[in-house]
Amino acid sequence: MAAYPQDPGAPDAPYLTFWQERHLCTLTTLRPDLTPHVVPVGVTYDPEARLARVITNKSSAKVGHVRAAGPDGARVAVCQVDGRRWATLEGLAHVHDAPERVAEAVRRYAQRYGRTPRPNPDRVVIEIELMRAMGQG
């Protein structure tokens with residue numbers, strides 16, 4: 001099988017462009033029994049900070065899975081596909097509720113997806129410290 005590695009901090013132009021387009025993504029977390037939990041999400045990619053961000057409700061299963069992994073973070077992956085183009089980002093996820101972090105994640109979401117999500121006092125951000133990237137943009 002062919003590998004298509006990318007540098008998560010300095011991806012090539014087609015890969016970065018693909019992550020800037022509006023695409024629904026998936027987030028894969030691990031349940032406590034180590035089975036995968038895959039859900040649709042909106043994802044933003046910040047290669048300069050080597051971060052991917054997912055905004056969500058603090059009571060969601062994905063947040064519970066990340067928090068259950070402990071202070072070292074949870075191994076997760078986000079992925080998107082469009083025809084022959086695909087991209088995966090992998091790393092360690094942490095949940096943050098600091099207003100400035102959530103606001104930055106909402107700003108980036110609005111920029112990528114063309115709409116600002118409605119206010120949600122229970123919103124948190126899952127920040128993924130990127131360790132690996134692969135795909136074809």
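Reply: Tyr 45 lies in strand E4, where strands (E, at least two residues) and helices (H or I, at least four) are DSSP runs numbered from the N terminus. Before we go on, this is a predicted model, in which local features need pLDDT of at least 70 and side-chain atom pairs count only at pLDDT 80 or more, while totals for chains, interfaces and linings use all residues. Residues are numbered from 1 along each chain as its sequence is written, and side-chain values use heavy atoms, with hydrogens and water left out.

Me: Why does Tyr 45 count as buried?

Reply: Buried means under 20% relative accessible area, exposed means over 50%, and partly exposed is in between (1.4 Å probe, protein chains only). Tyr 45 has 10% relative accessibility, so it counts as buried.

Me: And which residues is Tyr 45 in contact with?

Reply: Contact means heavy atoms within 4.5 Å. Leaving aside neighbours within four places in sequence, the contacts of Tyr 45 include Asp 7, Pro 11, Leu 16, Leu 51, Leu 89 and Leu 130. The side chain of Tyr 45 also reaches the backbone oxygen of Pro 8 at 2.7 Å. With Trp 19, the C-alpha to C-alpha distance is 6.5 Å, although the two residues are 26 apart in sequence.

Me: What makes the pair of Tyr 15 and Tyr 45 edge-to-face?

Reply: The structure holds 4 aromatic pairs. For Tyr 15 and Tyr 45, the ring centres are 6.3 Å apart and the planes stand at 90 degrees, so the pair is edge-to-face. As for the cut-offs, rings of Phe, Tyr and Trp (its six-membered ring) pair if their centres lie within 6.5 Å; planes under 30 degrees apart count as stacked, over 60 as edge-to-face and the rest as tilted. Tyr 15 is buried, as is Tyr 45, and ring pairs join Tyr 15, Trp 19 and Tyr 45 into a cluster.

**Other residues, buried and exposed**

Me: How do you know whether Ala 87 is buried or exposed?

Reply: Ala 87 has 0% relative accessibility, so it counts as buried. Its place is in strand E7 (residues 85-96), and, not counting residues up to four places away in sequence, Ala 87 touches Tyr 15, Phe 18, Trp 19, Val 78, Cys 79, Gln 80, Met 134 and Gly 135.

Me: Is His 23 buried or exposed, and what polar contact does its side chain make?

Reply: At 13% relative accessibility, His 23 counts as buried, and its place is in the loop between helix H1 (13-20) and strand E2 (25-30). Its side chain is joined to that of Glu 21 by a polar contact of 2.8 Å. A polar contact is a pair of N or O atoms within 3.5 Å; within protein, one must be able to donate a hydrogen and the other to accept it, and residues adjacent in sequence count only if both atoms are side-chain atoms.

Me: Why does Leu 34 count as exposed, and why is Arg 50 called partly exposed?

Reply: Leu 34 has 63% relative accessibility, so it counts as exposed. Arg 50 has a relative accessible area of 33%, so it is partly exposed. Leu 34 lies in the loop between E2 and strand E3 (36-41), with a positive phi near 70 degrees in a residue other than glycine. Arg 50 is in the loop between strand E4 (44-46) and strand E5 (51-57), and its phi is also positive, at about 55 degrees, although it is not a glycine.

**The largest pocket**

Me: What makes something a pocket here, and how much space lies in the largest pocket?

Reply: On a 1 Å grid over the protein atoms alone, a pocket is an open set of points where a 1.4 Å probe fits, with protein on both sides within 12 Å along at least five of seven lines; lining residues have an atom within 4 Å of a point. The largest pocket holds about 250 Å³ of space. Its lining includes Leu 16, Trp 19, Tyr 45 and Arg 112, and H1, E4 and helix H3 (99-113) each supply at least two lining residues.

How values were computed
Points joined across faces, edges and corners; volume = space filled by probe spheres on them.
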